[in-house]
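Work through the exercises below with the structure open beside you. Try each task before reading its solution.

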Amino acid sequence: MIDHITIAVSDLSKIKLFYEKAFLPLGYRLTFGKESVFWAFDIGNGCLFEIQQADSPPPLTRIHVAFRACGKAEVDAFHHAALEAGATDNGAPGLRPEYAPDCYACFVLDPDGYNIEAMINQPAAGP
């Protein structure tokens, strides 16, 4: 399942207002973000649609897709398989507390340079 998709936009404020209005009939709502950087909309089932300012600095790309994994081992395996298939490392598997306390993710740039993520965001199983 796709966890979130991020697209680059030319005018973040204008496009934010567009999606706020366009998503009303679908029940999608603005969830979080950072002024002049990005905004995220909850589109149901724990999935997000995100917009980012197009001139954001690397490693952001014009399109970003994050695939939801079932566990850390899957994230690790995806990273390894993607590198073997020709991707470039854009962030080794590891915790990403800057995104969420339990986020574990990796990032690769596919052969066309798009930022592809595999991630899981759930607490580790207890003892």
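Predicted model: local features only at pLDDT ≥ 70, side-chain atom pairs only at ≥ 80, totals over all residues.

**Exercise 1.** Classify Lys-72: is the residue buried, partly exposed or exposed? Then find what Lys-72 touches beyond its sequence neighbours.

Solution. 
- Step 1: Locate the residue. Lys-72 belongs to helix H2, which covers residues 72-84.
- Step 2: Read its relative accessibility, 41%.
- Step 3: Apply the cut-offs. Buried is under 20% and exposed is over 50%. Lys-72 lies in between, so it counts as partly exposed.
- Step 4: List the contacts. With neighbours within four places set aside, Lys-72 contacts Leu-95, Tyr-104 and Ile-120.
- Step 5: Compare sequence and space. Gly-94 is 22 residues from Lys-72 in sequence, and their C-alpha atoms are 8.6 Å apart.

**Exercise 2.** Decide whether Gln-53 is buried or exposed. Then find which backbone atom its side chain reaches.

Solution. 
- Step 1: Gln-53 sits in strand S4, residues 48-53.
- Step 2: Its relative accessible area is 16%. The cut-off for buried is under 20%, so Gln-53 is buried.
- Step 3: The Gln-53 side chain reaches the backbone nitrogen of Leu-12 at 3.1 Å.

**Exercise 3.** Which residues make up the largest nonpolar core?

Solution. 
- Step 1: Name the 8 residues: Val-9, Leu-12, Tyr-19, Phe-23, Trp-39, Phe-41, Phe-49 and Ile-51.
- Step 2: Find their sources. Helix H1 (12-22), strand S3 (38-42) and S4 each give at least two residues to this core.
- Step 3: Follow Leu-12. Beyond four places in sequence, Leu-12 touches residues including Trp-39, Ile-51 and Gln-53.

Methods
Residues numbered from 1 in each chain as written. Heavy atoms only, no water. Helix = DSSP H or I, 4+ residues; strand = E, 2+ residues; numbered from the N terminus. Buried < 20%, exposed > 50% of the residue type's maximum accessible area, 1.4 Å probe, protein only. Contact = heavy atoms within 4.5 Å. Polar contact = N/O pair within 3.5 Å; in protein donor to acceptor, adjacent residues only side chain to side chain. Core = buried A, V, L, I, M, F, W, Y, C linked by side-chain atoms within 4.5 Å.
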